[in-house]
Amino acid sequence: MDGTEGNAGHLGPAERSHRSSVSSVGTRAADVLVYLADDTVVPLAVENLPSVSAHELHRALREVLQLPDIALDAFALWLVSPLLEVQLKPKHQPYKLGRQWPELLLRFTDAPADHVAVDEPSLQFRRNVFFPKRRELQIHDEEVLRLLYEEAKGNVLAARYPCDLEDCEALGALVCRVQLGPYQPGQPTACTLREKLDSFLPAHLCKRGHGLFAALRGRGAKAGTGEEGLLNAYGQVKEAIGSDSEHGASLSPHYRAYLLKSHELPFYGCAFFHGEVDKPTQGFLHRGGRKPVAVAISLEGVHVIDSREKHVLLGLRFQELSWDHTSPEEEESVLWLEFDGDNEGTPVNKLLKIYSKQAELMSSLIEYCIELNQTSEPAAPQENVSGPPAATGSPPPPAQRPPLRRQGSVVRSRLQHLSTIDYVEEGVGTETVGPRPVESGQLVNGQCSECSVVSQTEPWSRQTFMKELVKS
């Protein structure tokens with residue numbers, strides 16, 4: 001749940017906060033405003049709004065948009081503001097949660113009182129965190145694909161999904177194809193790209209590009225590096241065999257291509273949370289401090305992203321970590337991540353502290369994702385999706401993407417930018433952590449030689465995502 005990733009020109013999902021979506025309506029019939037990923041507003045006429053559930057609103061929205069049944073699983077309703085994002089359960093009542101929003105902000109954010117007083121959530125129709133990527137590959141309905149594409153595109157442009165320049169160019173080229181039609185050599189495409197560059201590339205790349213594009217204004221009229229790469233990638237976008245070359249033809253192949261490329265990003269489809277981590281100490285004064293991070297959690301694992309530098313600090317699959325959270329009354333709430341590493345060639349156990357009032361939410365989401373993965377592993381049934389079936393049945397799950405070869409890739413972990421607690425087994429009082437079986441989800445009971453508190457000694461009961469989010 002992160003609201004720091006947006007930037008000028010393209011607002012991130014957490015910044016599309018439209019006041020009074022659900023929070024200031026009485027018991028009379030009223031229009032509830034639901035916002036789609038492309039900022040389209042869909043008004044829904046609702047009777048007795050305070051008692052209407054998220055499931056009922058979801059069904060009404062699907063009817064208005066004429067979406068197939070797969071949309072029930074692919075999308076969820078979210079309450080979103082710049083301070084907090086909450087995916088609603090079907091039984092949740094959005095109106096009541098909207099009225100309780102200040103209490104939620106006080107519990108799960110560090111926002112000052114004056115910000116809490118004016119913050120109001122919008123009701124948004126967004127991708128369900130628990131919808132597997134493999135099921136996206138089986139979707140044929142163009143409107144569903146378009147909504148997924150619009151959301152992924154917004155996350156890329158807002159730099160919520162950090163991407164290498166090469167990936168940004170490839171994704172931006174597909175956006176060019178959707179918005180401008182097929183590439184036509186000889187037409188003044190470069191000028192069009194230059195004028196609308198922030199529609200195709202993240203804004204921080206466009207800012208850097210001003211220097212690169214200076215040659216365009218000079219005597220040589222040479223295209224800048226970023227723009228030239230985008231233009232080249234645009235020219236390489238392949239058209240579907242047998243498809244109409246006109247702009248009005250089906251865009252489903254290009255939506256699907258964008259999603260497939262987005263699936264290569266390890267944090268695609270994640271829920272985002274606010275947090276801070278310790279910086280490594282530097283200089284003879286051992287100055288450290290903290291840096292803001294976004295914690296991205298999906299069905300596949302956890303990624304810690306530097307909110308300012310737009311790159312991954314740590315990426316772990318659930319099989320590679322153990323976790324816990326602490327919420328001491330007189331100290332900060334902390335999410336603990338434990339994983340294997342090395343210290344100057346010596347194998348060690350590493351502990352990362354993520355300071356966040358949303359540690360409880362993150363811990364619950366990790367646990368629930370692991371439970372979902374465990375229940376889905378034994379069977380691989382044919383999914384019931386809309387649209388024509390494939391000629392040879394459902395497509396197989398995508399192959400695991402090999403590690404990126406780019407040494408400086410923004411999605412490679414940067415452990416040197418993190419301050420972790422490294423320890424090994426020493427003496428009777430300390431246990432070796434290692435990667436734990438994910439069923440336990442617990443850190444070592446006890447203490448390490450460098451840490452005063454590592455985890456709770458009493459195991460905590462399993463709970464579903466946001467079970468205690470709202471107590472009615």
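How do the residues of the lining of the second largest pocket divide into nonpolar, polar and charged? They divide into 8 nonpolar, 9 polar and 6 charged residues, where Ala, Val, Leu, Ile, Met, Phe, Trp, Tyr, Cys and Pro count as nonpolar, Asp, Glu, Lys and Arg as charged, and the others, Gly among them, as polar. The structure is a predicted model, in which local features need pLDDT of at least 70 and side-chain atom pairs count only at pLDDT 80 or more, while totals for chains, interfaces and linings use all residues. Residues are numbered from 1 along each chain as its sequence is written, and side-chain values use heavy atoms, with hydrogens and water left out.

**Second largest pocket**

- The second largest pocket holds about 440 Å³ of space; a pocket is an open set of points on a 1 Å grid over the protein atoms alone, with protein on both sides within 12 Å along at least five of seven lines.
- It is lined by 23 residues, of which Thr109, Asp110, His274, Gly275 and Glu276 are the closest to its centre; lining residues have an atom within 4 Å of a point.
- Strand E6 (271-278) and strand E7 (290-297) each contribute at least two lining residues; strands (E, at least two residues) and helices (H or I, at least four) are DSSP runs, numbered from the N terminus.
- At least three residues of this lining come from each of domain 1 (29-130) and domain 3 (271-375 + 412-423), the bounds being taken from an automatic or database domain assignment.

**Cavities**

- The model has 5 cavities of 30 Å³ or more, a cavity being a set of grid points where a 1.4 Å probe fits but cannot get out.
- About 90 Å³ of space lies in the largest cavity; grid points are joined across faces, edges and corners, and a volume is the space filled by probe spheres set on the points.
- Among the 13 residues that line the largest cavity, Arg126, Glu151, Tyr161, Gly269 and Cys270 are the closest to its centre.
- Two or more residues of this lining come from each of E5, helix H7 (142-157) and E6.
- The lining of the largest cavity comprises 6 nonpolar, 2 polar and 5 charged residues.
- The largest cavity lies between domain 1 (29-130) and domain 2 (132-207 + 224-239 + 251-266), because both give residues to its lining.

**Aromatic contacts**

- There are 8 aromatic pairs, a pair being rings of Phe, Tyr and Trp (its six-membered ring) with centres within 6.5 Å; planes under 30 degrees apart count as stacked, over 60 as edge-to-face and the rest as tilted.
- Phe75 and Phe125 are stacked, at 4.8 Å centre to centre and 25 degrees between the planes.
- Phe75 belongs to strand E3 (residues 75-80) and Phe125 to strand E5 (residues 122-127), so this pair ties together parts 50 residues apart in sequence.
- Phe75 is buried at 2% relative accessibility, and Phe125 is buried at 2%; buried means under 20% relative accessible area, exposed over 50%, and partly exposed in between (1.4 Å probe, protein chains only).
- Tyr161, Phe267, Tyr268 and Phe272 are linked into a cluster by ring pairs.
- Arg160 lies over the face of Phe272, 4.5 Å from the ring centre; a charge sits over a ring if NZ of Lys or CZ of Arg is within 6 Å of the ring centre and within 35 degrees of the ring normal.
- The charged end of Arg290 sits over the ring of Tyr355, 3.6 Å from its centre.
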